[in-house]
Amino acid sequence: MSALAIQRRLSRLPGSTVLVLWSAAVLLPLYILVVSCFKTTAEIYENRLGLPQSWSFDNFTNAWTRADLGQNFINSLIVTGGAVALTIVVSVLAAYPLSRYKLGWNGIMLGLFLSGIMLPIRLASVELFTLMRNLGLLDSLTGLILVYSAIRIPFAVFIFANFMRVLPSELDEAAHMDGAGETRILFQIILPMVKPAVSIVAIFTAIAVWNDFFFPLIFIFDDRYKTVPLAISVFVGQFRTDWGLVFASLAISMAPILIMYCLLARQIREGVGAGGGMK
Amino acid sequence: MAVLFVLPALAIYGLFVLYPLAMSLWGSFFTWKGLRMLDFAGLSNFTRLFVFPSSARLTGALWHNVIWFFGIMVFQNGVGLLFAWLLFLRDQGKGRSGAAFFQSLFFFPAVLSPVIVGALWRLLLAPGGVVEWALNGLGLHQGSLTVLGNSQTALLMLIAVDAWNWMGLPVLIYTAGLRQISGQIFEAAKLDGAGSGRMLVSVALPLLMPAIGTLTTLSFINTFNQFDIVYVMQGVQGNPSYSTDTLVTYFYRLAFGAEGAVGITDIGLALALGTMLFLILSIGTLLMLRFFDRRTVQL
């Protein structure tokens with residue numbers, strides 16, 4: 001290594017130290033979370049940072065069955081899957097004519113959808129509660145799926161319309177001349193060409209829905225229909241002294257997002273960096 | 001034909017977002033008994049909001065949201081800019097991007113639910129928790145750690161947890177912004193003898209205005225919607241003694257009956273607060289977008 005290269009490395013040292021320190025600040029709490037899952041509460045107090053004496057899965061089985069996190073987990077999967085599917089289907093349908101037809105009213109309609117990206121919907125929760133009660137959608141996973149889809153539709157329509165608008169118009173013109181119906185054109189020609197948009201919408205909708213806490217808090221009272229974040233908020237108080245169990249339930253509830261993040265980190269980075277809408 | 005395609009999305013969005021929001025704004029001008037809307041009341045709900053005891057809660061919560069916003073601007077978006085700049089400098093002159101690893105790592109907490117993040121930090125910061133143990137071990141602190149139970153420090157702790165949660169967002173947005181700036185500009189500044197600190201302040205910062213605008217607006221919206229972290233870490237009353245109360249936790253208590261000793265709802269007051277918050281958010285967002293739009297440098 002030449003003297004110049006060494007000097008270059010040295011000049012970068014303070015910067016690298018800062019980055020490594022923040023990495024530690026991110027990783028250390030997560031490391032403590034993971035090792036604590038395998039410890040009893042007494043062991044958590046005695047042995048703070050070390051690996052557990054034995055890799056016992058008791059906390060996980062307790063969280064899953066005794067605290068019934070298993071049911072919450074299934075509920076969250078149903079709600080997330082349902083909301084992602086419904087959001088994508090109706091938003092693709094809406095974005096197609098709004099982005100590719102000259103209708104006279106597509107500008108206004110797109111504007112109406114776009115305004116929803118910024119709307120603070122939590123402030124409408126009183127009227128939303130009354131509406132859900134009148135429709136019989138309280139204590140219902142279907143109710144949550146409908147509300148989450150409604151909230152995520154503006155972002156999805158925005159993304160799909162942006163991707164569809166730039167596709168060449170010869171595509172559907174040729175298909176029209178071959179006598180293909182609109183539904184066929186959309187699903188067999190247009191949709192395969194906007195696959196990146198589908199994955200952006202699916203990823204960010206799934207994260208937002210899986211993590212949401214506010215709507216289950218106001219719409220779900222029956223333990224059988226609680227989602228993971230709502231259950232966790234109860235555990236933290238209820239099992240306050242059983243730290244191992246709380247750590248294990250946090251780990252379980254993080255697992256699906258962690259797996260997805262490891263597989264899709266690049267898409268998520270690029271989606272956010274491009275100003276894609278989180279939250 | 002086209003109408004049929006738009007209809008499902010419009011129906012769901014209209015019924016579960018636009019309709020309840022419009023009804024909430026409209027309802028804030030009426031008196032309420034429980035969940036029943038009674039008579040037109042003009043602005044009386046709004047005036048009640050500014051009269052004791054509500055006035056104390058309102059100003060407290062508003063103040064906490066304002067502190068939270070400025071705290072996030074400094075500790076999250078300011079520090080995030082520094083991290084992004086360091087990552088950018090590391091990659092300069094190298095073909096491939098080594099920043100991806102740090103970016104992914106820093107962003108990971110942002111994909112977690114604020115409930116999980118709040119619960120995790122509540123355990124770590126609790127009396128007898130690992131932070132207390134570490135600080136005592138290092139000799140920086142003695143005895144039981146009560147930062148979450150102390151009204152002087154609790155709000156700052158929540159802001160720090162929120163910044164930990166979302167640090168990856170400014171890092172990603174700023175690095176994306178820095179990469180769009182032409183390398184020639186930095187080369188020219190270097191030839192003029194500018195150091196890396198000078199380049200950040202005088203060259204990069206003005207060109208990052210769109211990114212700064214996006215982040216400021218997002219942080220503003222998120223801060224004034226802050227609820228989850230407070231609920232999980234300090235309870236819906238914003239303990240201790242309302243020192244971490246926010247506008248949305250106050251709204252929640254008014255709307256769903258956890259305000260006051262008896263815990264009855266006051267829908268009129270809740271809707272008035274909602275309308276006020278709606279105005280703060282929309283006017284604030286519009287002003288910020290305009291402010292940053294004007295300061296965008298065109299090259």
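Domain bounds, as used here, come from an automatic or database domain assignment. On that basis chain B is divided into domain 1 (1–31 + 38–42) and domain 2 (54–294), and their C-alpha centres lie 31 Å apart. The structure is a predicted model, in which local features need pLDDT of at least 70 and side-chain atom pairs count only at pLDDT 80 or more, while totals for chains, interfaces and linings use all residues. Residues are numbered from 1 along each chain as its sequence is written, with chains lettered from A and ligands numbered from 1 in the order in which they are written.

Chain B holds 14 helices and two strands, where helices (H or I, at least four residues) and strands (E, at least two) are DSSP runs numbered from the N terminus. Of its 299 residues, 41% count as buried; a residue is buried if 20 or more other C-beta atoms lie within 10 Å of its own, exposed if 12 or fewer, and partly exposed in between, with C-beta atoms placed from the backbone. Two residues are in contact if their C-beta atoms, placed in that way, lie within 7 Å. Among the contacts in chain B with a separation of 6 or more, 66% join residues 24 or more positions apart.

The two domains of chain B meet through six residues of domain 1 and six residues of domain 2. On the side of domain 1 that touches domain 2, α1 (2–27) and β1 (30–33) of chain B each supply at least two residues, and α1(B) gives the largest share, three residues. By class, that side has two nonpolar, four polar and no charged residues. Here Ala, Val, Leu, Ile, Met, Phe, Trp, Tyr, Cys and Pro count as nonpolar, Asp, Glu, Lys and Arg as charged, and the others, Gly among them, as polar.

β1(B) also takes part in strand pairing, which requires that DSSP finds at least two bridges between two strands. Its partner is β2 (residues 36–40) of chain B, and the pair runs in the antiparallel sense over three bridges. B:K33 stands opposite B:R36 in β2(B). The two strands form a hairpin with two residues between them, and B:G34 in the turn has a positive phi of about 60°.

Between the chains, 70 residues of chain A are in contact with 66 residues of chain B. Helix α13 (residues 243–273) of chain A gives the most to the chain A side, with eleven residues. That side of chain A has 51 nonpolar, twelve polar and seven charged residues.

A nonpolar core is a set of buried Ala, Val, Leu, Ile, Met, Phe, Trp, Tyr and Cys residues joined through C-beta atoms within 7 Å. The largest one has 167 residues, of which A:V157, A:F160, A:L250, B:A119, B:F251 and B:L273 touch the most other members. Leaving aside residues up to four places away in sequence, B:L273 touches B:L49, B:L247, B:Y250, B:F251 and B:L254.

Two helices illustrate burial. Helix α12 (residues 228–238) of chain A is mostly covered, with eight of its eleven residues buried. The cover of these buried residues includes α4 (69–100), α10 (195–211), α11 (214–219) and α13 of chain A, together with α5 (114–125) and α12 (228–234) of chain B. In helix α4 (residues 99–107) of chain B, the buried residues are B:A99, B:F102, B:Q103, B:F106 and B:F107. Seen down the axis of α4(B), they fall within an arc of 125°, so they line one face of the helix; the arc is that of the directions from the helix axis to the C-beta atoms.

Most residues other than glycine have a negative phi, and most peptide bonds are trans. The peptide bond from B:F52 to B:P53 is cis, with omega near 5°, and B:P53 is found in the loop between α2 (44–49) and α3 (54–91) of chain B. A cis bond also links B:N239 to B:P240, with omega near -10°. B:P240 lies in the loop between α12 and α13 (247–256) of chain B. B:Y242 is likewise in the loop between α12 and α13 of chain B, and has a positive phi near 60°.
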